[in-house]
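I opened the notebook and picked a handful of things to look up. My notes follow in the order I made them.

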Amino acid sequence: MSEGGSGAGAGPGPNADEPPARGRDDRVGTVFLVGSGPGNPDLLTVKAKRLIESADVVLHDKLPGPEILGEIPEGKREDVGKRAGGEWTPQEYTNRRMVELAREGNRVVRLKGGDPFVFGRGGEEAEHLADEGIPFEVVPGVTSAIAGPAVAGIPVTHRDHASSVSFVTGHEDPTKEESAVEWDALAATGGTVVVLMGVGKLPAYTAELRDAGLDGDTPVALVERATWPNMRVATGTLDTIVDARDEAGIEPPAITVIGDVAATRDRVVTFLENAGSAPVRSTDEGGEPAGAEDDAPADGGDGA
């Protein structure tokens, strides 16, 4: 599975993309922490694609799109993903498996959705590999936090609507005694709030934002499986988005966009040509579906 040629980071070759030697044991393989982007294989970086093709083993999450995972031979991929409320692989196992495979001399790709350092535990895994003396490299990916809204016609910043954007997780470490997300402060920023992994807790944090003074008419959008073949979008307001989520059947993985920028989709949706970006389920102020006959998806598919 190795590439031919030579030269670290100089293109295809047996040592291509390998970190500098620095006294490393050549019998130990390298781990690449790779971001796969939001899921469409066309949005893989050139380097990510090359590493996936040349890897001996790919340890992947649930979030890389089905088209990306489908192109990896079954014999060299291992699923170490997590699913909210369902099956999951302990992080400790993933950490241990990366080390085991590298010490066997394998080129290991640890493949993650989006970017490995944006709520992807890439930092934790990098620290573990460093502690174990395993050479590794970080390969950034197109973050879903920006690309997801973008393909749905929603810019996270806009000169007329938002000069700042905050990225937060809707699914924190359950061992924390209290949330580290200061919803009061976010409500006061006046910018865009993008919540990743926040479908299940949508009622809780929309209520917190309203309690903190954010207007109930603030536009909100949910983008499910951005860039995947079964991508779906639901729109509404802070007051109506929970009903919109339920009526549209939005499931994880999905991104929540809160702020005036979410309303810009309505002005461009007819002209969107991004693959999979047309489906929409909007709600008006009364909570009733708008345009459902023309735009509602026929089949939402499974969560990932």
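**Entry 1: a buried arginine.** I am working with a predicted model. I began with Arg-225, which is buried, because its relative accessible area is 1% and the cut-off for buried is under 20%. Which residue does Arg-225 form a salt bridge with? I found Glu-251, with the closest N and O atoms 3.8 Å apart. Glu-251 is partly exposed, at a relative accessible area of 35%. I then checked where the two partners sit. Arg-225 is in the loop between strand E8 (219-224) and strand E9 (232-237). Glu-251 is in the loop between helix H8 (241-248) and strand E10 (254-258). The two residues are 26 residues apart, and the pair links distant parts of the chain.

Entry 2: How many salt bridges does a search of the whole structure find? I noted 15. One of them joins the side chains of Arg-110 and Asp-61, at 3.0 Å from N to O.

I looked at another pair, Arg-245 and Asp-246. Their closest N and O atoms are 2.9 Å apart. Arg-245 counts as buried at 13% relative accessibility. Asp-246 is partly exposed, with a relative accessible area of 49%. Which residues do shared partners join into one network? I wrote down Asp-61, Arg-110, Lys-112 and Glu-125.

**Entry 3: helix H7.** I turned to helix H7, residues 202-211. Which of its residues are buried? I listed Leu-202, Tyr-205, Thr-206 and Leu-209. They cover an arc of only 100 degrees around the axis, so they lie on the same side of H7. Next I asked what covers them. The cover includes helix H6 (183-189), strand E7 (192-196), E8, H8 and E10. I also looked past the helix. Gly-213 follows H7, and its phi is positive, near 110 degrees.

**Entry 4: two rings.** How many aromatic pairs are there? The count comes to one. The ring centres of Trp-183 and Tyr-205 are 5.2 Å apart and their planes are at 5 degrees, so the pair is stacked. Trp-183 lies in helix H6 and Tyr-205 in helix H7, so the pair ties together parts that are 22 residues apart in sequence. I checked how covered each residue is. Trp-183 counts as buried at 7% relative accessibility. Tyr-205 is buried as well, with a relative accessible area of 3%.

**Entry 5: strand E7.** I moved to E7, one of the elements covering H7. How many of the residues of E7 are buried? Five of the five are, so E7 is largely enclosed by the rest of the structure. I sorted them by direction. Thr-192, Val-194 and Leu-196 point one way from E7. Val-193 and Val-195 point the other way. Then I looked up the strands that pair with E7. Strand E6 (residues 165-169) pairs with E7 in the parallel sense, over five bridges. Here Thr-169 has Leu-196 in E7 as its bridge partner. E10 pairs with E7 in the antiparallel sense, over four bridges. Val-194 stands opposite Val-257 in E10.

**Entry 6: Val-57.** I ended with Val-57, which lies in strand E2. Is Val-57 buried or exposed? It counts as buried, at 9% relative accessibility. I looked up what Val-57 is in contact with, leaving aside neighbours within four places in sequence. The list is Lys-76, Glu-78, Leu-101, Asn-106, Arg-107, Val-108 and Val-109. I also took one C-alpha to C-alpha distance. Val-57 and Gly-75 are 8.4 Å apart in space and 18 residues apart in sequence.

Notes:
Residues numbered from 1 in each chain as written. Predicted model: local features only at pLDDT ≥ 70, side-chain atom pairs only at ≥ 80, totals over all residues. Heavy atoms only, no water. Salt bridge = Lys/Arg side-chain N within 4 Å of Asp/Glu carboxyl O. Buried < 20%, exposed > 50% of the residue type's maximum accessible area, 1.4 Å probe, protein only. Arc of directions from axis to C-beta. Contact = heavy atoms within 4.5 Å. Phe/Tyr/Trp six-rings, centres within 6.5 Å; stacked < 30°, edge-to-face > 60°. Pairing = 2+ DSSP bridges.
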